[in-house]
Amino acid sequence: MEEKKMTLPKGMSAIAVAVIAAVAAIICVSILTGGVVSYKTHSGGDGLTATGSASCDFESDLIVWRGSFSAHGETTKEAYEVIKNDAEMVRQYLLDNGVTETELVFSSVDISQRFRTEYDENGNYVRDYPDGYDLYQSLTVTSTDIDKVELVSRDITKLIESGIEFASYSPEYYCTTLDEVKLDLIEKATDNARQRIDILVEGTGCKRGALLTASLGVFQITATNSGSKEYSYDGAFDTQSRYKTATVTVRLNYASE
C-alpha cells in the first residue's frame with residue numbers, strides 16, 4: 001500500500017507546525033486541568049451536612065376563654081337596659097364559680113340597627129324599615145387555673161336557662177414559658193445534628209472542618225399525639241389543646257478535609 005505523505009501548506013515550515021502542535025497540546029491540558037479543579041471544588045463544596053431534630057411534650061399553664069351575649073330592644077335605651085342586666089347576671093355567675101375580677105374582662109357594647117324587609121302580595125320588594133336594635137357584648141377570662149375555667153366554659157346551662165343569649169367558645173391554651181422550651185429544643189437539636197455529623201465522619205473517613213452554615217427550622221407546636229399531619233411550612237402553633245408537643249430542626253454544614 002502506498003504511504004501518503006502530509007503536504008504542508010505553501011510557506012509553512014515543519015518548525016511552525018511543531019509550534020502549533022505544542023500550543024494546542026498546552027491548551028488541551030489547561031482545559032482538562034481546569035475541569036478537574038472545578039469538579040473537585042464543586043464536589044467538596046457541600047462538605048458534611050446533617051439535620052438534627054428535637055421534640056418535647058409540655059402542658060399549657062394559661063387558659064383564655066371567650067364568650068358573648070346579645071340583647072334586642074325597640075330602642076337603644078331599651079336594648080341597653082337588657083344587655084346591662086344580662087352582663088351583671090353573667091358577671092355574678094362567673095364570680096360564683098370561682099372566676100375573680102382580675103381574671104374577667106368585659107368588652108365595650110357594640111350596637112347595630114335591625115331592619116325588616118317588606119314584600120307585597122306578589123313577593124316583590126317594597127322597602128326596608130327599622131325593627132329595633134341589637135346589642136352585643138363579649139367577655140374574656142384569662143387564668144392560670146385551667147381546671148376551673150374549663151369547667152365554667154362547659155357548663156353555662158344556668159345562663160341559658162335565665163334567658164340570656166350566651167355563646168361559649170372553645171378555650172385557648174398557652175404556655176408562658178414557651179421561650180425557655182424553644183431554647184432548650186434548639187440546644188438539643190443542634191447536639192443531635194452534631195452527633196449525626198460525627199457518624200458521617202466515622203463512616204466516610206474524612207475529617208470535619210470548620211462550620212460553614214447553620215440554619216434553624218420553624219417550630220411546630222401541635223397537640224400531643226396528633227401526628228405530623230398538623231405540621232405546616234410556616235410552622236404550626238396549636239392553641240386548642242392543653243397538652244402540646246414542640247418540635248424543631250437544626251441543619252449544620254461543615255467543611256470536609
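**Entry 1: S70.** I started with S70. Its relative accessibility is 17%, so S70 counts as buried, the cut-off being under 20%. I am working from a predicted model. I looked up where S70 sits and found it in strand β2.

**Entry 2: around S70.** Which residues does S70 touch, leaving aside its neighbours within four places in sequence? I listed I83, D86, L135, Y136 and E165. I then checked the side chains of S70 and E165. A polar contact of 3.2 Å joins them.

**Entry 3: the length of α2.** I turned to helix α2, residues 76-96. I counted 1.5 Å a residue, so its 21 residues should span 30 Å. The C-alpha atoms at its ends are 30 Å apart, which agrees.

**Entry 4: the sides of α2.** Which residues of α2 are buried? I noted A79, I83, D86, A87, V90, Y93 and L94. They cover an arc of only 125° around the axis, which puts them on the same side of α2. I recalled the general rule: an α-helix has 3.6 residues a turn, so residues three or four places apart point the same way. On the other side of α2, I found K77 and D96 exposed.

**Entry 5: what α2 packs against.** Two of the buried residues of α2, I83 and D86, were already in my notes as contacts of S70.

**Entry 6: after α2.** I looked at what follows the helix. G98 comes after α2, and its phi is positive, near 95°.

How values were computed. Residues are numbered from 1 along each chain as its sequence is written. This is a predicted model: local features need pLDDT of at least 70, side-chain atom pairs count only at pLDDT 80 or more; totals for chains, interfaces and linings use all residues. Side-chain values use heavy atoms; hydrogens and water are left out. Helices (H or I, at least four residues) and strands (E, at least two) are DSSP runs, numbered from the N terminus. The expected span of a helix is 1.5 Å times one less than its number of residues. Buried means under 20% relative accessible area, exposed over 50%, partly exposed in between (1.4 Å probe, protein chains only). The arc is that of the directions from the helix axis to the C-beta atoms. A polar contact is a pair of N or O atoms within 3.5 Å; within protein, one must be able to donate a hydrogen and the other to accept it, and residues adjacent in sequence count only if both atoms are side-chain atoms. Contact means heavy atoms within 4.5 Å.
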